[in-house]
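This report describes the packing and the backbone of one protein model. Please keep the sequence and the structure at hand while reading.

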Amino acid sequence: MRHLFTRLALLALAAASLPACAHDFDADRRGGPNSNAIGSVQLGPRPFFLAGDMADSNLKRRLQHCAATREHFKPTLFSIGHRGAALQFPEHTKESYEAAARMGAGIVECDVTFTKDKELVCRHAQNDLHTTTNILATPLASKCVKPFTPAVFDAAGTLVAPAAAECRTSELTLAEFKTLRGKMDAANPRGRTVAEYMAGTPNFRTDINAGPTSGTLLTLKEAIALFKQLGVKMTPELKSPSVPMPFDGFTQAALAQKMIDEHRAAGVPARDVWAQSFDINDVLYWVRNEPAFGRQAVYLDDANVVADLPTFEQLKAYRAAGIRIVAPPLFALLTADTSGNILPSQYARNARAAGLDIITWTLERSGILADGDNGFYFQTFDAAVKREGDVYRVLDVLAEQIGVLGVFSDWPATTSFYANCTGQK
């Protein structure tokens, strides 16, 4: 998955042009003048249910004491709203972002891609409109690069070909994009009709907050304005385009620059922005060309299994090139012993030894934990997870033993509660 030699060559090139500057991450975590604009947050019952569900431990008693005695909870930069609050609201919508802020997320994410007229919008991928919006049920379905095709079954009812579609923001003007409504990200591969295909929401999520008058899609400019109003900081993620670049003369470098320019034009200081990308070239572009923003640019790790993770030498090369923060998936940072203890992984130790700070993703995205089959995010420590309350054991190792800066969550109330009760900033 990695092209080691190409990446190391890029890193060596970037290192030569680095500014010599230090960065106070603790000051960032304390927040700016608007960091508590949302006031006392609304956690709802879930964090308290999870604490009650824990097996007896010092951590459980600490969290339950906090639940019983603390009257107010505040926003925290430890809690990062992943696509907003995607467990129960359509991702990357106004409603999802507002929910994340109300649950105490001090940082909220807009994944950034572009439309046909090169306007920046918030979507997880350039080509996900068929699963995250109602486009297939609108006249704009005619603009999809791959129109909806229904599932095909044989005479015995066995699925022969799954339902499929592909719809891209780059096929729509901004005005057309804004006519769509967000829905829960899902598709039913067995759908014979558009309605059936669109009705695939996993059973651990809900469509209750995805009605026809909600799901408000946003441009990046609108998201920035909303985040400023909510008093949260920002972590825009530049998505890899689904179309060849340059796109009608629009280069990848111009895209990376435009994302930063829109924050600057809105008066957002660099210290309030954690620009992210899975593409190391984007991160190095910010390091070289936008050093104020590049100092806390985040290199997202695309590992699918432990074997894909970078070596200690690679991690040191990232740091030498000016990358200060890496963001791997949860499984990269954790392991478990035969006694059921959750422990820091070798990668976690290597990253800290290389001088890197860490953010991780994504909590509250794996459904029911007690079923023992928690998939991608839990693959290295699933044997140690026995109940829903074990999510706090995960957070405690990440915070206390590894020292991560923050945790992306689909339901930020959980991370906000933990951070408030344990003193995380």
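Which residues in α10 meet which residues in α11? Q252, A253, A256, Q257, M259 and I260 in α10 meet D282, Y285 and W286 in α11, where contact means heavy atoms within 4.5 Å.

The model is predicted: local features need pLDDT of at least 70, side-chain atom pairs count only at pLDDT 80 or more, and totals for chains, interfaces and linings use all residues. Residues are numbered from 1 along each chain as its sequence is written, and side-chain values use heavy atoms, with hydrogens and water left out.

**Helix packing**

Helices (H or I, at least four residues) and strands (E, at least two) are DSSP runs, numbered from the N terminus. Axes are lines fitted to C-alpha atoms, for helices over the stretch in contact, and angles run from 0 to 180 degrees between N-to-C directions. Two helix pairs are set out below.

| Helix pair | Axes | Angle |
|---|---|---|
| α10 (residues 252–265) and α11 (residues 280–289) | within 10 Å | roughly 60° |
| α4 (residues 58–69) and α17 (residues 413–422) | 10 Å apart | about 95° |

That angle makes α4 roughly perpendicular to α17, whereas α10 and α11 are oblique to each other. Angles under 35 degrees count as roughly parallel, over 145 as roughly antiparallel, 65 to 115 as roughly perpendicular and the rest as oblique.

The residues of the contact of α10 with α11 comprise 6 nonpolar, 2 polar and 1 charged. In this classification Ala, Val, Leu, Ile, Met, Phe, Trp, Tyr, Cys and Pro count as nonpolar, Asp, Glu, Lys and Arg as charged, and the others, Gly among them, as polar. In the other pair, L59, R62, L63, C66 and A67 of α4 meet F417, Y418, C421 and T422 of α17. The residues of this contact of α4 with α17 divide into 7 nonpolar, 1 polar and 1 charged.

**Nonpolar cores**

A nonpolar core is a set of buried Ala, Val, Leu, Ile, Met, Phe, Trp, Tyr and Cys residues joined through side-chain atoms within 4.5 Å. Buried means under 20% relative accessible area, exposed over 50%, and partly exposed in between (1.4 Å probe, protein chains only). The largest nonpolar core has 108 residues, of which W286 and Y392 touch the most other members. Helix α16 (residues 390–402) contributes the largest share of this core, 8 residues. Another core, of 18 residues, lies apart from it and includes L140, C144, A165 and C167.

Leaving aside neighbours within four places in sequence, Y392 is in contact with P47, L50, A51, M54, L59, L63, T414, F417 and Y418. Among these partners, L59 and L63 belong to α4, and F417 and Y418 to α17.

**Backbone features**

Most residues other than glycine have a negative phi, and most peptide bonds are trans. The peptide bond from M245 to P246 is cis, with omega near 0°, and P246 is in the loop between β10 (237–238) and α10. W361 and T362 are also joined by a cis peptide bond, with omega about -10°; T362 lies in strand β16 (residues 357–363).

H92, which is not a glycine, has a positive phi of about 50°. H92 lies in the loop between β1 (76–81) and α5 (94–102) and is buried, with a relative accessible area of 0%. Phi of E364 is also positive, near 60°. E364 is found in the loop between β16 and α16 and is buried, with a relative accessible area of 12%.
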